[in-house]
Amino acid sequence: MSPQNEPALVTPVIAAAAVAGGALLIDVRSAKGRNENGAIPGAVVVDRNDLDAEFGLNSPAKHSEVNSLDQPIVVVCGSIAGSAPVAEGLLQRGFANVVHVDGGFPAWKAAGLTVAEPVSPQS
C-alpha cells in the first residue's frame, strides 16, 4: 500500500494480504449489519462519525491498535459507499496508507475469507 491522495480500492484478497502483513483492518458497518451478516475476526469496529476521537494520535479515546500516521489501514463496510468516506477521512487526518475493500463485506465473504457467523441472521 503506497501513500496517495485518494484511498485505493482493493480486492478482498489484496486487503486480506495487507492485513496478514500487519495492516489494521477496521470495520465501519453498524452493529446491526455485523450482527445480521457476520463479522471479520480481528477487525477493529469503528464509529465512522467519530474518527477524530478514534484515530487522533493524542486522543484519550484512540484505539490502542492505532500507532502512527504511516500505519497501513484497510477499511471495510457493507459497500464502497460506506468505506470510501471513512478512508478519505483518514487520509485527510494525515494517515498515509489507507485502502478500502471493493465490494465491502459481501465481497470479502464471497472471496472465501474468514468471517464469523451472524449473531442474528436475516429472515
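## The main nonpolar core

In this predicted model, the largest nonpolar core contains 17 residues, and Ile26, Phe55, Ile73, Val75, Leu90 and Val98 have the most contacts inside it. A nonpolar core here is a set of buried Ala, Val, Leu, Ile, Met, Phe, Trp, Tyr and Cys residues joined through side-chain atoms within 4.5 Å, where buried means under 20% relative accessible area (1.4 Å probe, protein chains only). At least two residues of this core come from each of S2, helix H3 (51-55), S4 and H4, with H4 giving the most, 4 residues. Helices (H or I, at least four residues) and strands (E, at least two) are DSSP runs, numbered from the N terminus.

Phe55 is worth a look: beyond its neighbours within four places in sequence, Phe55 is in contact (heavy atoms within 4.5 Å) with Leu24, Ile26, Val46, Val66, Ile73, Leu90 and Phe95. A second, separate core has 14 residues, among them Ala23, Val99, Val101 and Phe105.

Strands pair if DSSP finds at least two bridges between them. Strand S2 (residues 24-27) joins S3 in the parallel sense over 2 bridges, and Ile26 stands opposite Val44 in S3.

## Reading the values

Residues are numbered from 1 along each chain as its sequence is written, and side-chain values use heavy atoms, leaving out hydrogens and water. Local features need pLDDT of at least 70 and side-chain atom pairs count only at pLDDT 80 or more, while totals for chains, interfaces and linings use all residues.

Note on methods: Buried < 20%, exposed > 50% of the residue type's maximum accessible area, 1.4 Å probe, protein only.
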